Amino acid sequence: MAALLSDQGQARLEDAESLCWEARLLEGQREMLGSKHLDTLTSLNKMAALLSDEGKLEEAEQMYEEAAPEGRREMLENKYLDTLSSVSDMVALLSDLGKLEEAEPSYKEAQEGWRSLFGNQHPENLISILHSALFQ
């Protein structure tokens, strides 16, 4: 039992260290590269995922929103895999928060991007189709 608690404590410490490191990285990228640079947006998405994993859903939502600038549609048209992943992560978070109406347009965009990029039989697209039940 003590080993299990120790493992859980170690995991939480590692999560906290990851959040701290990612926050410092993000701050540096914003200063050096700007807030709309792809590397900065990727770090925002990673930070949002870490916050979501920690159960800090509202904070994660803010990060995902910042990582999804108005140029997201243009990026989706270009089928950037990272952008599709980021949008899918945002949809999952909004679903967890019970914001299905807000998530639906992004879900549809991401689903079409996955389908266009990988075809109908790719596992990522099949998972996306399964998730469509949320919006019916």
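Is A49 buried, partly exposed or exposed? A49 is partly exposed, because its relative accessible area is 25%, where buried means under 20%, exposed over 50% and partly exposed in between (1.4 Å probe, protein chains only). The views below show a predicted model, in which local features need pLDDT of at least 70, side-chain atom pairs count only at pLDDT 80 or more, and totals for chains, interfaces and linings use all residues. Residues are numbered from 1 along each chain as its sequence is written, and side-chain values use heavy atoms, with hydrogens and water left out.

View A. A49 lies in helix α2; helices are DSSP runs (H or I, at least four residues), numbered from the N terminus. Beyond residues up to four places away in sequence, N45 touches Y64, A67, S86 and D89, a contact being heavy atoms within 4.5 Å.

**View B. Surroundings of T40.** T40 is located in helix α2, which spans residues 38-53. With a relative accessibility of 0%, T40 is classed as buried. Residues up to four places away in sequence aside, T40 touches L26, Q29, R30, L33, G34 and S35.

**View C. The largest nonpolar core.** A nonpolar core is a set of buried Ala, Val, Leu, Ile, Met, Phe, Trp, Tyr and Cys residues joined through side-chain atoms within 4.5 Å. The largest one contains 22 residues, and L44, M47, L51, M63, Y64, V91 and L93 have the most contacts inside it. At least two residues of this core come from each of α1 (2-33), α2, α3 (57-67), α5 (81-96) and α6. Helix α5 gives the most, with six residues. Apart from neighbours within four places in sequence, L93 is in contact with S52, L57, A60, E61 and Y64.

**View D. A nonpolar surface patch.** L81, L117 and F118 form this patch, with about 230 Å² of accessible area together (Shrake-Rupley method, 1.4 Å probe; for residues, only the protein chains shown count as cover). Patch residues have over 30% relative accessible area and no salt bridge; like charges are joined within 9 Å and nonpolar side chains (Val, Leu, Ile, Met, Phe, Trp, Tyr) within 5 Å. A salt bridge is a side-chain nitrogen of Lys or Arg within 4 Å of a carboxyl oxygen of Asp or Glu. L117 is placed in helix α6 (residues 100-118), and L117 counts as partly exposed at 34% relative accessibility.
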